[in-house]
Amino acid sequence: MVCQQPSQGYNRFFLQLLTTFRAQFGENSAGDAASFQLLLAERKTEHTEWPDDDAFEKAWLDLDAYTELGPGRVVMVLRALEDALHGPKTESTPIGGPLNVEHVLPQKWETHWPLPGVSDAQTERDVRSSLLHDFGNLTLVTPSFNSSLSNDPAKEKLPEIDRHSVLMLNKHFGAGKATWTEQDIRERSKRLFALALKVWAKP
């Protein structure tokens, strides 16, 4: 999905995979996870070859995630990362309802989010536009929280995210953080990728 690889033939692929697995381990045998991963890794066709870590990283950092995947799939990806951040010592705090994607740097940023002003305005606009929908600029909040935040300036918005969100994904915005720059987006994209690499490790 993130690497934008074609998904045609998945139905046949998984049927073949199950047939091979049963032939090796028997109808009533569960086999083991390592054996199943080995079978996955062996499948190398146009539609089933696993991207390597470098290809995954390039796709993750370059992808205009919100526009190319859509909000539903972005929620799915970010929820998986949120789950991965929970360890045995993490308190279980259920979210009573759906979660929406929030652009930390808003889509309508012009009023409260001035450009850095270190180069020409058009170049800075282009850079900002290229990062706006990246994973590093996206997080999850409740619908009511989302509507109350909207386009507030960073010095108000980031403390509000930290104050009201129970998601581990949003702890990044705490510790008195009051600015959110293009460099912050790039750095968070890389941190999220490091987590994604563990969640979706290549077999």
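Contact here means heavy atoms within 4.5 Å. The model is predicted: local features need pLDDT of at least 70, side-chain atom pairs count only at pLDDT 80 or more, and totals for chains, interfaces and linings use all residues. Residues are numbered from 1 along each chain as its sequence is written, and side-chain values use heavy atoms, without hydrogens and water.

**Exercise 1.** Find where L69 lies and list what L69 is in contact with, leaving aside neighbours within four places in sequence.

Solution. Start with the element: L69 belongs to helix α4, residues 65-69. Helices (H or I, at least four residues) and strands (E, at least two) are DSSP runs, numbered from the N terminus. Next, list the contacts: M1, Q4, L63, D64, V74 and F135. Then take M1 from that list: M1 and L69 are 68 residues apart along the chain, and their C-alpha atoms are separated by 7.8 Å. Last, check accessibility: with a relative accessible area of 9%, L69 is buried. The classes are buried under 20% relative accessible area, exposed over 50% and partly exposed in between (1.4 Å probe, protein chains only).

**Exercise 2.** Describe the aromatic pairs F56 with F193 and W60 with F135.

Solution. Begin with the rule: rings of Phe, Tyr and Trp (its six-membered ring) pair if their centres lie within 6.5 Å; planes under 30 degrees apart count as stacked, over 60 as edge-to-face and the rest as tilted. The count comes to 5 aromatic pairs. F56 and F193 are edge-to-face, at 5.2 Å centre to centre with 70° between the planes. F56 is in helix α3 (residues 53-62) and F193 in helix α9 (residues 182-199), so this pair ties together parts 137 residues apart in sequence. Both F56 and F193 are buried. W60 and F135 are stacked, at 4.0 Å centre to centre and 15° between the planes. Because W60 lies in helix α3 and F135 in the loop between α6 (121-131) and β2 (138-141), the pair ties together parts 75 residues apart in sequence. To finish, F56, W60, F135 and F193 form one aromatic cluster.

**Exercise 3.** Work out which residues touch the most other members of the largest nonpolar core, and which elements supply two or more residues.

Solution. A nonpolar core is a set of buried Ala, Val, Leu, Ile, Met, Phe, Trp, Tyr and Cys residues joined through side-chain atoms within 4.5 Å. Of its 23 residues, W60, L78, L81, F135 and L140 touch the most other members. The elements giving two or more residues are α3, α4, α5 (71-84), β2 and α9. Helix α5 gives the most, with 5 residues. Apart from this core lies another, of 15 residues, among them W113, L131, L132 and W180.
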